[in-house]
Amino acid sequence: MPVIGMATSNFFLVKDVYEAVKFARENEFSGVEIWSDVPHCYVDDFTRDKEQWSRLHTLLTESKMKSALHAPMFGINIASINHGIRKESIRQVKASIDLAHTLGSEIVVFHSGKRPAVITPSRVKELTFNLNIDAIMAIKNYAREKKVYAVLENCGVDRDDYEESLADFVHLVETCKINVCWDVGHSHCSWGVKETFESLKDKIKHIHIHDNDRSYDQHLPVGMGNIDYQLIFPFLKEFPGMIVHEIQGMNNCEEKTIQSKKELDKLLRY
Ligand SMILES: [Zn+2]
């Protein structure tokens, strides 16, 4: 059976990270994915301030919940053609690996670096590919030293995401031999759930789940879009890692998170 987790980012504008973890515990989630970016659990603040990370560590331990981290994302680009931004981006992802190690979390989720412009000439895309490979390998090797799994999330939903196609993403994954955070919602509104699953299934180490109607990346509760869960239900049911509900929570985020969990729990009980 999978660990059913909740992303603390569901609440990042309305609860601090401690309140979000308590909410997860009270609502019978068995795991949390901690958003290690502003304004929640920004890596540098938490790593510097022992009181903050030890309070979070104690809360996770007392709650007996598995944890994972989502690396910083705002303004981050691990394959930026701007050297300073690239270097700082890789540093912050590595810092989140350090924080995961400190908190006893097994997984750090991160994104590939973005293209410098929406219309990118092929030789610039090739440069971004090579910068991505260098960055992903550096992050993967650093995580291995810290006994943490760094997993690359499939995006392909924003206009400047590096991976314009499933083939682009698979090429990155196979070149780097890296494990994957399969974002089911992202795959539904980009390359297709079945197609993405078939290409990545042997690499999936962690899952993000949310729904949409394929028009854009809506992060709706499970069951509120039109994903056909029957396609992947046997895999989800036997998945040994964490399935994280990652719901857009600007309004009614508590209700939406609980609704999503109930719907998936119902599916998994079949
Ligand atoms: Zn995701």
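Helices H4 and H5 run roughly parallel to each other, a term that covers angles under 35 degrees, while over 145 counts as roughly antiparallel, 65 to 115 as roughly perpendicular and the rest as oblique. Here H4 spans residues 83-103 and H5 spans residues 122-145, and the two pack at an angle of about 25 degrees with their axes 10 Å apart. The axes are lines fitted to C-alpha atoms, for helices over the stretch in contact, and the angles run from 0 to 180 degrees between N-to-C directions. Helices (H or I, at least four residues) and strands (E, at least two) are DSSP runs, numbered from the N terminus.

This is a predicted model, in which local features need pLDDT of at least 70 and side-chain atom pairs count only at pLDDT 80 or more, whereas totals for chains, interfaces and linings use all residues. Residues are numbered from 1 along each chain as its sequence is written, and side-chain values use heavy atoms, with hydrogens and water left out.

The crossing of H4 and H5 is right-handed, meaning that the near helix is turned clockwise from the far one by less than a right angle, with anticlockwise being left-handed. On the H4 side the contact (heavy atoms within 4.5 Å) involves Arg86, Ile90, Val93, Lys94, Ile97 and Asp98, and these meet Leu131, Ala135, Ala138, Ile139, Tyr142 and Ala143 of H5. Of these contact residues, 9 are nonpolar, none is polar and 3 are charged, where Ala, Val, Leu, Ile, Met, Phe, Trp, Tyr, Cys and Pro count as nonpolar, Asp, Glu, Lys and Arg as charged, and the others, Gly among them, as polar.

H5 also packs against helix H6 (residues 166-176), at an angle of about 45 degrees and with the axes 10 Å apart, and these two helices are therefore oblique to each other. Their crossing is right-handed, and the contact brings Lys125, Phe129, Asn132, Ile133, Ile136, Met137 and Lys140 of H5 to Asp168, His171, Leu172, Thr175 and Cys176 of H6. By class, this contact holds 6 nonpolar, 3 polar and 3 charged residues.

From H6 the reader can move on to helix H8 (residues 193-200), whose axis comes within 11 Å of that of H6 and crosses it at roughly 20 degrees, which makes H6 roughly parallel to H8.

Another feature to find is the zinc ion, which is coordinated by Glu153 (OE), Asp183 (OD), His208 (ND1) and Glu246 (OE) at 2.0 to 2.2 Å. Donors are N, O and S atoms within 2.8 Å of the metal (3.2 Å for Na, K and Ca), and since water is not among the atoms, sites may look incomplete. Asp183 lies in strand E6 (residues 180-183) and Glu246 in the loop between strand E8 (242-245) and helix H10 (253-269), so this pair ties together parts that are 63 residues apart in sequence.

Two details of the backbone remain. The peptide bond from Val38 to Pro39 is cis, with omega near 0 degrees, and Pro39 is found in the loop between strand E2 (31-35) and helix H2 (43-48). Lys177, in the loop between H6 and E6, has a phi near 45 degrees, a positive value in a residue other than glycine. Most residues other than glycine have a negative phi, and most peptide bonds are trans.
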